[in-house]
Number of protein chains: 2
Amino acid sequence: MFERRQPIPIGEAVQKIMQYQLSGETEYINIEESFGRFLSKDLVATCDVPHFDRAPYDGFAVRAIDTQDASQANPVEFEVIDHIGAGMVSNMTVTENQAVRIMTGAIMPEGTDAVVMFEVAKTYEKDGKPFMAIKRSFKKGDNVSFRGEDAKEGEVLVKKGTLINPGIQAMLATFGYKDVPAAKKPIVGLFATGTELLDVGDPLVPGKIRNSNSHMIAAQIERVGGIVHYFGKLPDEFDTCFEAVKNAVNKVDLLITTGGVSVGDFDYLPEIYEKLGAEVLFNKVAMRPGSVTTVASHNGKLLFGLSGNPSACYVGFELFARPILRRMLFSEKPHLRKEQAILEVDFLKANPFTRFVRSSVFIENGRLKVTPSGLDKSNIIMSLAGANSLTILPGGTRGFAAGTEVDVLLLEDQFGSEWPW
Amino acid sequence: MFERRQPIPIGEAVQKIMQYQLSGETEYINIEESFGRFLSKDLVATCDVPHFDRAPYDGFAVRAIDTQDASQANPVEFEVIDHIGAGMVSNMTVTENQAVRIMTGAIMPEGTDAVVMFEVAKTYEKDGKPFMAIKRSFKKGDNVSFRGEDAKEGEVLVKKGTLINPGIQAMLATFGYKDVPAAKKPIVGLFATGTELLDVGDPLVPGKIRNSNSHMIAAQIERVGGIVHYFGKLPDEFDTCFEAVKNAVNKVDLLITTGGVSVGDFDYLPEIYEKLGAEVLFNKVAMRPGSVTTVASHNGKLLFGLSGNPSACYVGFELFARPILRRMLFSEKPHLRKEQAILEVDFLKANPFTRFVRSSVFIENGRLKVTPSGLDKSNIIMSLAGANSLTILPGGTRGFAAGTEVDVLLLEDQFGSEWPW
């Protein structure tokens, strides 16, 4: 009954998973569906930006050479021979002492090389024709946005693996990416095991609780960028669980189970992995919560056996499943982002194992601070809702006083870490 | 041609918008679709958690009174009369010197009031019946999780307006919220105006550019939590634009146009608002970029006329449209979150107007730092992609040296500010 398990360090456990080079795939999606997806190829400038010389202000396009003698004492006069807005092209060629009235963004007319802003031009009519005069000179290129000034064709502007935000969506549009190369969302299978589990719509009965882990993990899968394939809940019966896991594993990129992974009398996952012939990468990690997290490999697929305890389940997913999923989304920084923060409260209990405490990071006067939640029992429920981070309290320590600097892993961040361990 | 506009302070402009009490609506959605949505009602505990006394560890459930004489010298023996896992209910009543083998999460059997962990129990058989013995005493309640210990029925656990994250999804499941009261996503209509605009799939032609603003704003609308209704792009022709805007306004909760709002010769939005009979809340704000942002009210709907310049368009949406949309999503902190950060680079240009510079906030040794992007022309394109914040550089200043503390508005944050101005 008392199986001996050898705990391994967290970093080693993560490494054992990451050595599986599950490769991501590309799918082309409409740009209108690309927000929040991950680029699977670099975003390359397909043209210069701007791709023609243009006016950055409203004004008059002129030949600089015609302005060189203009001064307070000697205004120079120009005939305004055309009038264009952005998107229009003048079919006039500007010659000596001619100008084209031009709006912001419009292409510079043939022959012109400078723009005179409205504020410095005096406009009037002569014989029913529009004219303008200036009292200063302009140099070639004054007030002109030149072709390629913002970006050159062929430049790599955004690296693959980057989350598509509004700015990147603007760039995709600029460069004509109607179909965007996006990382295909990995499909993550999910089972909850436990005879105690009711569905969310079920009334409560003594001894049973509603299955919350599946909904939590489903949201965590969505947050990381995967698609959830929920196979349902399973009672703690060996044959039922074995068949279910065996059939499910081929339908998904990755399979997660919650519960059944500890050393309790009805925890069948270890035996299921054995009967499947799966290679167990580890079944105990030197950490709290989540020490019984078990990861196995079968037919080239990874099987994540997360604890049925909600905190352990949550942490196990973020530390172990998140990075391999983000790798499949082409990320170069697939792990949770790690930063330093000042601990706001005492945590004076001796701490034999490294602990991951769900916590709330906030900023005060530009400094990261953190309040672990769920340090005492009454906080367990609220810690679920308020957590935006995991505070790492290293093992082998006598506790931490308020004011100590601690490492935190940021849960809502999309930037990530290369290797936080 | 030179219309005089009176610029108003940013805070005043925001206030003029926020006085419109556009009310949010509730819709009930399946819990499986609730991740990333906003609660429109408080999440209330519909039962105690746990809702029965339960074992927090694997062990033996006993009556504490039977253990009181146990010691190293005097082991006390218990007959193990039943064996239950989580979700099972023992139908035995435990009496003197009896115990039930119990797994984590299982309901405490009738008569028991303490749990003896496996580690301190010696198990053996006598006459084919299971027994266990202990050498220490236990108090009533030792190793028991009591009903209501984590949450009490009726408690408000999460406030309305909160974004549903994985932890909240777990709580919704725990409390049986199969149908979740979520803020209905506001529908935001969107037009791009400008004769220069091509669609994303169009080849480039001289003088024209692909419409990137619509894709950018669409992503910004999605990021804030709205639904985009894109009506297409419009040429700079008064009648076409007027009819389009007039027809669209009744189909959406809020209407955004990009471009046509400045004082250029082909900027028709001001006249369109006039002909519609819309009340213009403001048409000039003391800021850069985005000073020509115009907001009007018509038939109880707000019309946002954003600049056609990408930076101005982006900033105008975040400062002016975001908060009213978040208000419709029941948020109590609808504005962009404001924090302090250390400026990493010099920005020594005199600064007559308050500037919002797209920038990249990062954390170094627990301190927020910020590098504005797009301070020089060559950065314009990259500033689109990398921006996670807007640095506020107040007007009437002579520039800022690296190391100065500045205010930043965080773009990817979901927490928000109550009133940052």
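**Salt bridges, a sheet and an interface**

Analyst: Happy to! Asp265(A) and Arg101(B) form a salt bridge, with their closest N and O atoms 2.5 Å apart. Please keep in mind that this is a predicted model.

User: How many salt bridges are there between chain B and chain A?

Analyst: The pair Asp265(A) and Arg101(B) joins one residue from each chain. Between chain B and chain A the count is two salt bridges.

User: And which helix of chain B gives the most to the side that touches chain A?

Analyst: Chain B has 88 residues in contact with 88 residues of chain A, and the count of residue pairs in polar contact between these chains, both at pLDDT 80 or more, is 15. On the side of chain B that touches chain A, nine residues come from the helix that gives the most, residues 166-174, and that is α2 of chain B.

User: What area is buried between chain B and chain A?

Analyst: The size of an interface is often given as the accessible area lost when the parts come together. Carbon and sulfur atoms give 64% of the area buried between chain B and chain A, and the area itself is about 7000 Å².

User: Let's turn to the salt bridges in the whole structure. How many does a search find over all chains?

Analyst: One of them pairs Lys184(A) with Glu25(A), whose closest N and O atoms are 3.8 Å apart. Over all chains, the search finds 28 salt bridges.

User: How many residues apart in sequence are the parts that Lys184(A) and Glu25(A) tie together?

Analyst: Glu25(A) sits in the loop between α1 (10-18) and β1 (26-30) of chain A, while Lys184(A) sits in the loop between β10 (179-183) and β11 (187-193) of chain A. Lys184(A) counts as partly exposed at 41% relative accessibility, and Glu25(A) counts as partly exposed at 47%. Because the two lie in these loops, the pair ties together parts whose separation in sequence is 159 residues.

User: Are Glu318(A) and Arg322(A) buried or exposed?

Analyst: Their side chains meet in a salt bridge at 3.9 Å, N to O. Both lie in helix α6 (residues 310-328) of chain A, four residues apart, about one turn of the helix. The cut-off for buried is under 20% relative accessible area, and Glu318(A) and Arg322(A) are both buried.

User: Which strands do Glu77(B) and Lys126(B) tie together?

Analyst: Glu77(B) forms a salt bridge with Lys126(B), with 2.9 Å between the closest N and O atoms. At 31% relative accessibility Glu77(B) counts as partly exposed, and Lys126(B) does too at 36%. Glu77(B) lies in residues 76-84 and Lys126(B) in residues 121-126, so the pair ties together parts 49 residues apart in sequence: strands β4 and β7 of chain B.

User: Now for the open sheet of six strands in chain B. Which are its edge strands?

Analyst: The sheet has mixed pairing and the order β14-β11-β15-β18-β17-β16 in chain B. An edge strand here pairs on one side only, and that describes β14 (227-234) and β16 (279-282) of chain B.

User: In what sense do strands β11 and β15 of chain B pair?

Analyst: Strands of a sheet pair through backbone hydrogen bonds, either parallel or antiparallel. In chain B, Val188(B) stands opposite Leu254(B) in β15(B). Strand β11 (residues 187-193) and strand β15 (residues 254-258) of chain B share five bridges, and their sense is parallel.

User: What angle does the direction of helix α6 of chain B make with that of β18(B)?

Analyst: Helix α6 (residues 310-328) of chain B packs on the sheet and touches β11, β15, β16 and β18 of chain B. With the direction of β18(B), the helix direction makes about 165°.

Note on methods: Residues numbered from 1 in each chain as written. Chains lettered and ligands numbered in written order. Predicted model: local features only at pLDDT ≥ 70, side-chain atom pairs only at ≥ 80, totals over all residues. Heavy atoms only, no water. Salt bridge = Lys/Arg side-chain N within 4 Å of Asp/Glu carboxyl O. Buried < 20%, exposed > 50% of the residue type's maximum accessible area, 1.4 Å probe, protein only. Pairing = 2+ DSSP bridges. Contact = heavy atoms within 4.5 Å. Axes fitted to C-alpha atoms, helices over the stretch in contact; angles between N-to-C directions. Buried area = accessible area lost by both parts, 1.4 Å probe. Polar contact = N/O pair within 3.5 Å; in protein donor to acceptor, adjacent residues only side chain to side chain.
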